[in-house]
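Please open the structure in a viewer and keep the selection panel at hand.

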Amino acid sequence: MTRAFSSKAQRQKWTEMVDEGRVTQAQFDQREQLTGDTPLPERAKPRVRTVGPSRSADASKINDQRY
């Protein structure tokens, strides 16, 4: 499965990998086509993970039930 570029930095990295021979020009062109004319940020922002309930609270409930 091929995904579009998410940033200008990622596109630049792929260009370097094509020059080094780590990926083919066809793979790069396919990603470039998927990206199209979409304006890209200079750098992609990391995804924010949501944090679930505290595990320590669950552990204290288990300890309370033992005694």
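**Helix α1**

Begin by selecting helix α1, which has 13 residues and spans 19 Å from its first C-alpha to its last, close to the 18 Å expected at 1.5 Å a residue. The model in view is a predicted one. The helix covers residues 8-20.

Within α1, display the side chains of Ala9, Trp14, Met17 and Val18, the buried residues of this helix. In general, an α-helix has 3.6 residues a turn, so residues three or four places apart point the same way. Which element do the buried residues of α1 pack against? They pack against α2.

Follow the backbone past the end of α1 to Gly21, where phi is positive, near 85°.

**The nonpolar core**

Next, select Phe5, Trp14, Met17, Val18, Val23, Phe28 and Leu40 together; these seven residues form the largest nonpolar core. Helix α1 supplies the largest share of this core, with three residues.

Centre the view on Met17. Beyond its neighbours within four places in sequence, Met17 is in contact with Arg22 and Val23. Val23 is itself a member of the core, whereas Arg22 is exposed.

**Salt bridges**

How many salt bridges does the structure hold? There are two. Side chains of opposite charge can pair when their charged atoms come close.

For one of them, select Arg11 and Glu32, whose side chains meet in a salt bridge with an N to O distance of 3.2 Å. This pair connects distant parts of the chain, with Arg11 in α1 and Glu32 in helix α2 (residues 25-35), 21 residues apart. Are the two partners buried, exposed or partly exposed? Glu32 counts as partly exposed because its relative accessibility is 27%, and Arg11 is likewise partly exposed, with a relative accessible area of 23%. Both values fall between the 20% limit for buried and the 50% limit for exposed residues.

Then move to Arg22, which forms a salt bridge with Glu20; the closest N and O atoms of this pair are 3.4 Å apart. Here both Arg22 and Glu20 are exposed.

**Ser7, before α1**

Select Ser7, which lies in the segment before α1. Ser7 counts as buried because its relative accessibility is 5%. A polar atom of the Ser7 side chain lies 3.1 Å from the backbone nitrogen of Gln10.

Apart from its neighbours within four places in sequence, Ser7 is in contact with Leu40, Pro41, Glu42, Arg43 and Ala44. Leu40, in this list, is also one of the residues of the largest nonpolar core.

**Leu34 and Phe5**

Turn to Leu34 in helix α2. Leu34 counts as partly exposed because its relative accessibility is 46%. Phe5 belongs to the largest nonpolar core.

**The whole chain**

Finally, zoom out to the entire chain, which has three helices and zero strands. From the N terminus on, the elements run α-α-α. Of the 67 residues in the chain, 16% are buried.

Among contacts between residues at least 6 apart in sequence, 64% join residues at least 24 apart. With a surface displayed, the chain exposes about 6200 Å², of which carbon and sulfur atoms supply 49%.

Technical notes. Residues are numbered from 1 along each chain as its sequence is written. This is a predicted model: local features need pLDDT of at least 70, side-chain atom pairs count only at pLDDT 80 or more; totals for chains, interfaces and linings use all residues. Side-chain values use heavy atoms; hydrogens and water are left out. A nonpolar core is a set of buried Ala, Val, Leu, Ile, Met, Phe, Trp, Tyr and Cys residues joined through side-chain atoms within 4.5 Å. Buried means under 20% relative accessible area, exposed over 50%, partly exposed in between (1.4 Å probe, protein chains only). Helices (H or I, at least four residues) and strands (E, at least two) are DSSP runs, numbered from the N terminus. Contact means heavy atoms within 4.5 Å. A salt bridge is a side-chain nitrogen of Lys or Arg within 4 Å of a carboxyl oxygen of Asp or Glu. The expected span of a helix is 1.5 Å times one less than its number of residues. Accessible areas come from the Shrake-Rupley method with a 1.4 Å probe; for residues, only the protein chains shown count as cover. A polar contact is a pair of N or O atoms within 3.5 Å; within protein, one must be able to donate a hydrogen and the other to accept it, and residues adjacent in sequence count only if both atoms are side-chain atoms.
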